[in-house]
Amino acid sequence: MEKKWWHQSVVYQVYPRSFYDSNGDGIGDIQGIISKLDYLQKLGIDVIWLSPVYDSPMDDNGYDISNYQDIAKEFGTLEDIEQLIKEAKDRGIKIIMDLVVNHTSDEHAWFIEAKKSKDNPYRDYYIWRKPNEGGNPPSDLESIFSGSAWELDDVSGEYYLHLFSKKQPDLNWENDKVVKEVFDMMNWWLDKGIGGFRMDVIDLIGKEIDKNIISNGPKLHPLLQSMNKATFGDRDVLTVGETWGATVDTAKLYSDPTRQEVSMIFQFEHITMCWDDEHGKWRPKPFDLIKLKEIFNKWQTGLGDQGWNSLFWNNHDLPRTVSKYGDDKNYRIESAKMLGTTLHMMRGTPYIFQGEEIGMTNVPFESIDCYRDIETLNFYRDKIAEGFTHEEMMVGLWANSRDNARTPMHWNESHQAGFTTGTPWINVNPNYTDINVEAALADENSVFYHYQKLIQLRKEMPVVVYGDFELLAPKDKQIFAYTRTLDDSKLLVVSNFSAKKTSFTYDKPVESCKTLLSNYSSTYDLKQPLALAPYESAIIQIG
Ligand code: TEU
Ligand code: CA
């Protein structure tokens, strides 16, 4: 397959609100990110995915945009973002922007106009329907943030669609004017020298509400092809679509290079496998390693040359991986490194979410008042009304609230983890005195340096980027092991996903072997069974 720069890149996601506050107002900002670029360069990443910094009333922390071509005051100015793009570039880092175009804010000028009257020129930028016969919402479609997806507009007596909060009205992609506005806006950003886009819930833009088609509709891929052609197609950028329902087959539709849509997508099967059929993430299911291996195996072997994987454990919507799949109490450092190794040695482009590289954990907030996330607050209210107890609901929140990822980054052990000189918009995780960047940088055995080595290995070894993946011991309940092979280069990656000792035997002939990385500073001889300590994990080159 034709080589691309982003095949060998590692992306770091910054959630600006929680990264670093440069002026003491308690909210992270663009100047804060600029001041931490040297840190990110030291880690070795090549790309920053910036969660939204645009103008926004912040109903959903910026995923509700009121002006795509301006920056929210609390984050900075357009000059700041231009400075960020330039200073990142000076360090070999590209900035990819979050493209949130399934919906706007209800405070976007288009929606303010659209609401004025049924014949306003902007009316058709959004999706309006008359009430049904009983005067109720047009359908029983539900919002992803709970409640009806339809909100009544008193002025016209019609309902508008919002798949997320009622302050996030869905754009009408069946209107060519909307399509053109979005493409023009994308070009405006591309002209500023950005490195690409992460596309928020992009699988929803092909919706055909009257046919009950929401995600993955027949209009979706033609739309993405025209987007590619009209905007980034002839620019050498990284584009990644967020697609919750993707399968290996649909992933090929998005990312087969010959189809000219996007570089890659985020699939979520390795995340949602722990969600309950009825109550979703609010009633998590126990972790099942065999299932996890099946899922990764399917994605690693399934795309072939007809697509490219993105690799992630974390993002701003998900719990911290060391708390979800590791052991954040007894083996925090070991299991954080083990999870990094398991993911980063796979085929695809790895994404690191801020704080993952120092092994940050979920947050044990005791009161619902500490939570800020609209999804968490809505579901807490609704599930309690449905009959969940507070205690049951807190178990769900501790496991899966989006705020687990959104507490401030831990920079050092001083006031508010060194995130702000003021009061942060959301409480810091009290464990910052142990887990912080300053401590990690001072300890050569820290999770930080482990991630730095994982990134280096990808840069140095083509087998990490392009090697074929083969899963070993699929039915083993403790071990996740696989090989990567490219010509005569072969790596074995073996990880103990449990707190119990175990052993692993590599049953193919081995002439020589060399340990490239171990989270226990061990060296291994594959001619004998490997004894693995709790969460032990190794990368071994096989000769
Ligand atoms: O997320 C899409 C989305 O569906 C998530 O809200 C997801 O369902 C939820 O977190 C899992 O329970 C994207 C953004 O990543 C998210 O932050 C936004 O809130 C959402 O779109 C709306 O823009
Ligand atoms: Ca600030």
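Visitor: What is the strand order in the open sheet of eight strands, and which pairing does the sheet have?

Guide: Strands of a sheet pair through backbone hydrogen bonds, either parallel or antiparallel. Here the order is S11-S10-S9-S5-S2-S1-S13-S12, with parallel pairing. Strands are DSSP runs of E, at least two residues, and helices are runs of H or I, at least four, numbered from the N terminus; two strands pair if DSSP finds at least two bridges between them. This is a predicted model: local features need pLDDT of at least 70, and side-chain atom pairs count only at pLDDT 80 or more. Residues are numbered from 1 along each chain, and side-chain values use heavy atoms, without hydrogens or water.

Visitor: Which are the edge strands?

Guide: Strand S11 (264–266) and strand S12 (310–311), each of which pairs on one side only.

Visitor: Which residues of H9 are buried?

Guide: An α-helix has 3.6 residues a turn, so residues three or four places apart point the same way. In H9 (residues 289–302), the buried set (under 20% relative accessible area, 1.4 Å probe, protein chains only) includes Leu289, Leu292, Phe296 and Trp299. At the N-terminal end Asp288 is the cap, with a side-chain oxygen 3.1 Å from the backbone nitrogen of Ile290.

Visitor: And ligand 1: which residues are closest?

Guide: Asp60, Asp200, Lys281, His316 and Asp317, among 18 residues that surround ligand 1, where near means a heavy atom within 4 Å. For Asp317, a polar side-chain atom lies 2.5 Å from a ligand 1 oxygen atom, a polar contact being N or O atoms within 3.5 Å. Taken alone, ligand 1 exposes 490 Å², and the protein buries 95% of that (Shrake-Rupley method, 1.4 Å probe).

Technical notes
Chains lettered and ligands numbered in written order. Expected span 1.5 Å × (residues − 1). Buried < 20%, exposed > 50% of the residue type's maximum accessible area, 1.4 Å probe, protein only. Polar contact = N/O pair within 3.5 Å; in protein donor to acceptor, adjacent residues only side chain to side chain.
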